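Biologist: I would like to learn how to read a few features of a structure with the model open beside me. Could you take me through them one at a time?

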Amino acid sequence: MTTGTAEFAKRLDQTADDTEALLAKLLADTVERDEIVRPKRLIEAMRYSSLGGGKRLRPFLVVESAAVFGVPRDAALMAGAALECIHGYSLIHDDLPAMDNSDLRRGRPTLHKAYDDATAILAGDALLTIAFDIITRDEIHRDAGVRLALTRALARASGVGGMAGGQMLDLAGEGRFGDREPVDVARLQQMKTGALLRFGCIAGAILGQSSEREYQALDDFGRALGEAFQIADDLLDVEGDAAALGKQTGQDAALGKTTFVTQLGIEGAKQRVRDLLARADAALSVFGAKGDVLRAAARFVAERKN
């Protein structure tokens, strides 16, 4: 293990621990100002899906991209927690019978299996909503304009032109609404998976009030990392081990999904990942050694086994 890789692993673990603690606090049953009550079953379901698992890659990207600009870590962690709530909601809804109909997530029953469909839908709704409560909080940045820019970027990454829109394109490609619709896999990935990962990278630039050149560098990096992540995910669905992944494999083939693997083949997909790593590395050149941990993150994404 190289020094850079070891530092990356240490910082990834630390961010995961810190994000866990922050989410546990944010998703406590304590009522916030202007709230009336936090129903016990709902808050328990939100915690079930949000705590006790996951690599916390998305908050890590926020923290590390912000660190390039010297942004206070606590502020970046708060923004990362908001992003993780969006990610958590998407997983809950993605697992539902009407979507991917998954029974397993992170090695344990999916939320609708552990509770029920209605609770899962509401827990997802509540996580989506609380994300925007969190992202607008004063402790993230003293400048309301920065908080507004961050909030808008998160909304666009999550919504009709981002993750939610990508999920719709994915379902249409499966033939859920009639005949299978042609799928542009690269565009689908940019929306469904890549948009939130890209936000994790540009969030640091927004918090750090970066130059346009620095913003563009993190934008380019985030796009390359997001595509590499999806290709790795497609490969794991074909070659991975369900026990290591903590979820079923072979889901893409079972649902008839068009993926990078079905379009490029296994070897072609692996070559595409190598090309994306080179692109990610080039994008970070503007930051010099300050970008080393992010470079290690890209390698981790490309080489991950779960």
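Biologist: How many aromatic pairs does the count come to here?

Modeller: Before the count, please note that this is a predicted model, in which local features need pLDDT of at least 70 and side-chain atom pairs count only at pLDDT 80 or more, while totals for chains, interfaces and linings use all residues. Residues are numbered from 1 along each chain as its sequence is written, and side-chain values use heavy atoms, with hydrogens and water left out. Rings of Phe, Tyr and Trp (its six-membered ring) pair if their centres lie within 6.5 Å, and planes under 30 degrees apart count as stacked, over 60 as edge-to-face and the rest as tilted. By this rule there are four aromatic pairs. One of them is edge-to-face, because the rings of Phe8 and Phe60 have centres 5.3 Å apart and planes at 90°.

Biologist: Which parts of the chain does the pair of Phe8 and Phe60 tie together?

Modeller: Helices (H or I, at least four residues) and strands (E, at least two) are DSSP runs, numbered from the N terminus. Phe8 lies in helix 1 (residues 3-26) and Phe60 in helix 3 (residues 57-67), so their pair links parts that are 52 residues apart in sequence. Phe8 also forms a tilted pair with Phe300, at 5.2 Å centre to centre and 50° between the planes. Since Phe300 belongs to helix 15 (residues 292-303), this second pair ties helix 1 to a part that is 292 residues away in sequence. Together, Phe8, Phe60 and Phe300 form one aromatic cluster.

Biologist: Is Phe8 buried or exposed?

Modeller: Buried means under 20% relative accessible area, exposed over 50%, and partly exposed in between (1.4 Å probe, protein chains only). Phe8 counts as buried because its relative accessibility is 5%, and Phe60 is buried too, whereas Phe300 is partly exposed at 22%.

Biologist: Over which ring does the charged end of Arg108 sit?

Modeller: A charge sits over a ring if NZ of Lys or CZ of Arg is within 6 Å of the ring centre and within 35 degrees of the ring normal. The charged end of Arg108 sits over the ring of Tyr48, 4.0 Å from its centre, and that of Arg58 sits over the ring of Phe229, at 5.4 Å from the ring centre.

Biologist: How many cavities of 30 Å³ or more are there?

Modeller: On a 1 Å grid over the protein atoms alone, a cavity is a set of points where a 1.4 Å probe fits but cannot get out, and lining residues have an atom within 4 Å of a point. Grid points are joined across faces, edges and corners, and a volume is the space filled by probe spheres set on the points. The count comes to two cavities of 30 Å³ or more. The largest cavity holds about 140 Å³ of space, and 13 residues line this cavity, with Tyr48, Ser49, Arg105, Arg106 and Leu111 nearest its centre. Helix 4 gives the largest share of that lining, four residues.

Biologist: What lines the second largest cavity?

Modeller: The second largest cavity, with about 60 Å³ of space, has a lining that includes Leu23, Ser49, Arg56, Glu84 and Arg106. Here too helix 4 supplies the largest share, five residues.

Technical notes. 1 Å grid on protein atoms, 1.4 Å probe; cavity = no way out; pocket = protein on both sides within 12 Å on 5 of 7 lines; lining within 4 Å.
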